[in-house]
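Grab a pencil and have a look at the model below. Work through each exercise yourself before you read its solution.

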Amino acid sequence: MVIKNYIFAFLVLSTFSCSTQNDLLKKTLDSDNPNIKRVMENSKQYELQIIYTQIVRDKKGKISFKDYTYHLDAKTYFYPASTVKFPIAVLALEKLNTIPNTSINSTYTIEGNTNKIKFSEEISKVFAVSDNVASTNLLEFIGFDYVNQKMKEKGLFSFRLSHRLSTPDLRNPLVKSTTIYKDDKTVEVFPSKLNESPVPLVLSGIKKGVGYRDMEDKLVNIPFDFSKNNYYPLETLHNTLKRIVFPQAFKEEERFKITEKDREFILFSMQNLPKNAGFDPITYYDGYCKFFMFGDTTANIPSNIKIYNKVGTAYGTMIDCAYILDQENKVEFMLSATILANKDGVFNDDNYEYESISLPFLAELGRQLYDKSKH
């Protein structure tokens, strides 16, 4: 796989110097660039949180991380949107690995639907265009309790998956039965399961804004309550990516229990551009799900830049969590950020400043850190 060649190539490069890199995030956030400055002048309003990570290797190639953060706080809530699809995709493969005679190319059906679904195709759609249906299909296979328990076992908490995305029965705790068609032509049925109902979250910022639009599009003039929604703090999200890109840096019990081939497929899917995954390049341009560096442009991403990431957008919040790699210019770092742009304070009204505030900020943040990281 491409990423293996790139990562191993970095083993022969000089170890990053923390003394020359330790203020890159601060320098970037102090920028006079208007896309950054207008957010930093009122970062509290935008509920901005950031993690920037340098990848450090010793003489033997052992990896460690140097993290720099801005307003990082797991006890201050932001809506994680589609970033929850990341562990759903990985843990679908982890569960699949416990079932004999299956692989990423195995197929399955979901109760009430006779269409066969291929695991590899659903995972590809989750990362290439953040497909909601694909994510829901994978979740029906594993269930809420499985995801929550496995994340906790790996030390990836705080975290809570409590609902599906963009589907009429999003809060139904019952996951449907699934039938897997194994590679040896046998079939196995997994019964439906009732998952635990979520306990309301008690966090700072769990109620947001001044109002929201209800299911009938009527304005309700009280803050929007996120207490029963999904919860995926930025640090937990960032550490999920670390375990996928650099599993060797973690204890065995902290890693995802997937094969190396499966891990490479996840990484390939994360960096694969929509046009290379079979989607229309006009609608799904290169930066469609690459907010850092390219989220504010429809231009093609240069082939030397690889971005392994997962994004999320909903309720005025935008998130990106990425490992950015450019062997040609000796650039390698990880970056995660969340920003809320909802000027009128009304939620669920589709009136957010994604294009004017969030995407320009995230793109410029990525570009400046990329430029400052060049060796």
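**Exercise 1.** Sort the lining of the largest pocket by residue class.

*Solution.* Step one: the classes are nonpolar (Ala, Val, Leu, Ile, Met, Phe, Trp, Tyr, Cys and Pro), charged (Asp, Glu, Lys and Arg) and polar (the others, Gly among them). Step two: the lining has 22 nonpolar, 13 polar and 9 charged residues. Step three: 44 residues line this pocket, and Y79, S166, T313, A314 and Y315 lie nearest its centre. Among the elements that give two or more residues are β10 and β12 (224–225), while β13 gives the most, with 4.

A quick note on the source: this is a predicted model, where local features need pLDDT of at least 70, side-chain atom pairs count only at pLDDT 80 or more, and totals for chains, interfaces and linings use all residues. Residues are numbered from 1 along each chain as its sequence is written, and side-chain values use heavy atoms, with hydrogens and water left out.

**Exercise 2.** Decide whether the residues of helix α5 are buried or exposed.

*Solution.* Start with the cut-offs: buried means under 20% relative accessible area, exposed over 50%, and partly exposed in between (1.4 Å probe, protein chains only). Now go along α5, residues 85–96: 12 of its 12 residues are buried, including K85, E94 and K95.

**Exercise 3.** Find the bridge partner of G211 in β16.

*Solution.* First, β10 (residues 211–213) and β16 run parallel, joined by 2 bridges. Then look up G211: its partner is V346.

Conventions. The expected span of a helix is 1.5 Å times one less than its number of residues. Two strands pair if DSSP finds at least two bridges between them. On a 1 Å grid over the protein atoms alone, a cavity is a set of points where a 1.4 Å probe fits but cannot get out, and a pocket is an open set with protein on both sides within 12 Å along at least five of seven lines; lining residues have an atom within 4 Å of a point.
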